[in-house]
Amino acid sequence: MHALVRLRVDVFVVEQECPYPELDGRDLEPGTEHLWHTGDGRVRAGERVPVAAALRVLEDAGGGPRRVGRVVTAPSARGQGLASVLLADVVGRHGHEDLVLDAQAHLAGWYARHGFEVVGEEFLEDGIPHVPMRRPGTAG
């Protein structure tokens, strides 16, 4: 867990210069899922594993759609498709239901490749333009 949070702080707080409370309490909620990719394809045991990309999926206690967030890739691992692998896994397991996220506006096209659509107006979060996106579920 430390490696996941460290990557998120390194990218979102330090690299993107957005001071915010990274430890929001949601990481430990019962319905929260954490996915990560080590980037090297090796199976490891008994050693610390680097985190090259990660994301989390939140389950709303009120019964709303699952929320994808904290999608992050280490600078040294960018361009390798690791976050796409993680997002494809989420869509594969939860694609029967609606999924939502708030994307940095310049990444809306990337999320669109996974079936997400912009569903609202652009807004600023921590000084960075974002857009709300939804991927309609296939159940039905």
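Author: A residue is called buried under 20% relative accessible area, exposed over 50% and partly exposed in between, with a 1.4 Å probe and protein chains only. This is a predicted model, in which local features need pLDDT of at least 70 and side-chain atom pairs count only at pLDDT 80 or more, while totals for chains, interfaces and linings use all residues. Residues are numbered from 1 along each chain as its sequence is written, and side-chain values use heavy atoms, with hydrogens and water left out.

Reader: What percentage of the 140 residues in the protein do buried residues make up?

Author: The count covers the 140 residues of the protein. Buried residues make up 39%.

Reader: Which pattern does the protein follow along the sequence?

Author: Helices (H or I, at least four residues) and strands (E, at least two) are DSSP runs, numbered from the N terminus. The protein has 3 helices and 7 strands. Read along the sequence, they give the pattern α-β-β-β-α-β-α-β-β-β.

Reader: What radius of gyration does the protein have, and why does it agree with a compact globule?

Author: The radius of gyration is taken over C-alpha atoms, and the globule rule is 2.2 Å times the number of residues to the power 0.38. Along its principal axes, the C-alpha trace spans about 45 × 35 × 30 Å. Because a compact globule of 140 residues would have a radius near 14 Å, there is agreement with the protein's value of 15 Å.

Reader: Why is strand 2 described as largely enclosed, and which residues cover its two faces?

Author: In a regular strand the side chains alternate between the two faces of the sheet. In strand 2 (residues 53–58), 6 of the 6 residues are buried, so the strand is largely enclosed by the rest of the structure. Both of its faces are covered, with buried residues Ala53, Leu55 and Val57 on one side and Ala54, Arg56 and Leu58 on the other.

Reader: Which residue of strand 3 stands opposite Ala53?

Author: Two strands pair if DSSP finds at least two bridges between them. Strand 2 pairs in the antiparallel sense with strand 1 (residues 33–37) over 5 bridges, and His37 stands opposite Ala53 there. Strand 2 is also joined to strand 3 by 5 bridges, again antiparallel, with Val72 as the bridge partner of Ala54. In strand 3, the residue opposite Ala53 is Thr73.

Reader: How many of the 8 residues of strand 3 are buried?

Author: Strand 3 covers residues 66–73 and is largely enclosed by the rest of the structure. Arg70 is found in this strand and has a positive phi of about 55° although it is not a glycine.

Reader: What is the handedness of the crossover from strand 3 to strand 4?

Author: The two strands run parallel and are joined by 2 bridges, strand 4 being residues 99–104. Arg67 stands opposite Val100 in strand 4. The chain crosses from strand 3 through helix 2 (residues 82–94) to strand 4, and this β-α-β crossover is right-handed. With the strands pointing away from the viewer, the path from the first strand over the helix to the second runs clockwise in a crossover that is called right-handed.

Reader: Which residues do ring pairs link into a cluster?

Author: Rings of Phe, Tyr and Trp (its six-membered ring) pair if their centres lie within 6.5 Å; planes under 30 degrees apart count as stacked, over 60 as edge-to-face and the rest as tilted. A search of the whole structure finds 2 aromatic pairs: Trp110 with Tyr111, edge-to-face at 4.7 Å centre to centre and 80° between the planes, and Tyr111 with Phe116, edge-to-face at 6.1 Å and 80°. Trp110 and Tyr111 are buried, and so is Phe116. The cluster consists of Trp110, Tyr111 and Phe116.

Reader: Which residues is Gly137 in contact with, leaving aside neighbours within four places in sequence?

Author: Gly137 lies in the segment after strand 7 (128–135) and counts as partly exposed because its relative accessibility is 23%. Gly137 and Glu97 are 40 residues apart in sequence and 3.9 Å apart in space, C-alpha to C-alpha. With contact meaning heavy atoms within 4.5 Å, the partners of Gly137 are Gly95, His96, Glu97 and Asp98.
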